[in-house]
Amino acid sequence: MTTKQILIINDLCSYGKVSTTAMLPILSYLGVPTGILPTSLVSNTFDYGNYSMMETTSFLADTIEKWQELGFGFEAIATGFIPTRQQADLISRYCKAEAAKGTTIFVDPIMGDEGQMYKGMRPEELVGAMREMISVADLCYPNYTEACYLSGAKYNPGGVTKDEAAALLDKLHGIGAKSVLITSIVIDGQPSVAGYNNQNKEYFYLPFTEIPVHFPGTGDIFSAILIGHIMNGDPLTASTRKAMDGVYNLIDLNKDNKDKNRGIPLEKYLSIL
């Protein structure tokens, strides 16, 4: 267990285990003290197709100003869903200022999946800002779609070769991210997570078996497990494998749930982590 406090900058969903409400119980269980800064308030998971969302841009700006006046800081910051370019610019400036003080920055550049941007998110607004975010990241972990948007690479529905995955990691590292993961990428026909560890300058490729069930929030679960183990001193590759296994086991245990749009009821299963 660590005494280092992490700040989660992500949306706050009132109904469903996604984003902040998925990350908090996991990080708490793994012994990581956690603060939150919501980028938006969301009524329920987007998967229901009907939701209400209120952006919190002015609250973000005011909170950051108050924290700076009070001298508050965090040993690490983890960013997630950022709905607007204005917020992305604000948060990236904050992360840059904190990184200059030695704060570890984790960036999940949430923008899209399966070759497309998420509904309501425009690449001309967010891609540039997300590049700014990952330019100061100690670790960023886009999925394959997001990696293509960030790097300018062409998205291939059939996947990539190992050499192409390495080239994609290099492009993201070249933007400024120290270590990089690419999640949900098919490499030589096998669903995998590809990684570059800046500490030892090594590439790694971890295959996984897909369970053909969709739950919202699995990316946030992956993020929380990954960060929790890294902050407790585990190496990047081992932490990535634990995050992958944790997500797989949670999906497998809940694959027969009737209301999958609500996400995975994490509190029942934290012991498997």
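A: β1 gives the most to the lining of the largest cavity, 3 residues. Strands here are DSSP runs of E of at least two residues, and helices are runs of H or I of at least four, both numbered from the N terminus. This is a predicted model: local features need pLDDT of at least 70, side-chain atom pairs count only at pLDDT 80 or more, and totals for chains, interfaces and linings use all residues. Residues are numbered from 1 along each chain as its sequence is written, and side-chain values use heavy atoms, with hydrogens and water left out.

β1 (6–13), β4 (76–79) and α7 (218–231) each supply at least two lining residues. A cavity is a set of points on a 1 Å grid, over the protein atoms alone, where a 1.4 Å probe fits but cannot get out; lining residues have an atom within 4 Å of a point.

By class, 6 lining residues are nonpolar, 4 polar and 2 charged. Ala, Val, Leu, Ile, Met, Phe, Trp, Tyr, Cys and Pro count as nonpolar, Asp, Glu, Lys and Arg as charged, and the others, Gly among them, as polar.

The space is about 40 Å³. The structure holds 1 cavity of 30 Å³ or more. Volume is the space filled by probe spheres set on the points, which are joined across faces, edges and corners.

Now the sheet. β1 and β4 belong to an open, mixed sheet of 9 strands, ordered β3-β2-β1-β4-β5-β8-β9-β10-β11. Strands pair if DSSP finds at least two bridges between them. The edge strands, β3 (53–55) and β11 (202–207), each pair on one side only.

Conventions. 1 Å grid on protein atoms, 1.4 Å probe; cavity = no way out; pocket = protein on both sides within 12 Å on 5 of 7 lines; lining within 4 Å.
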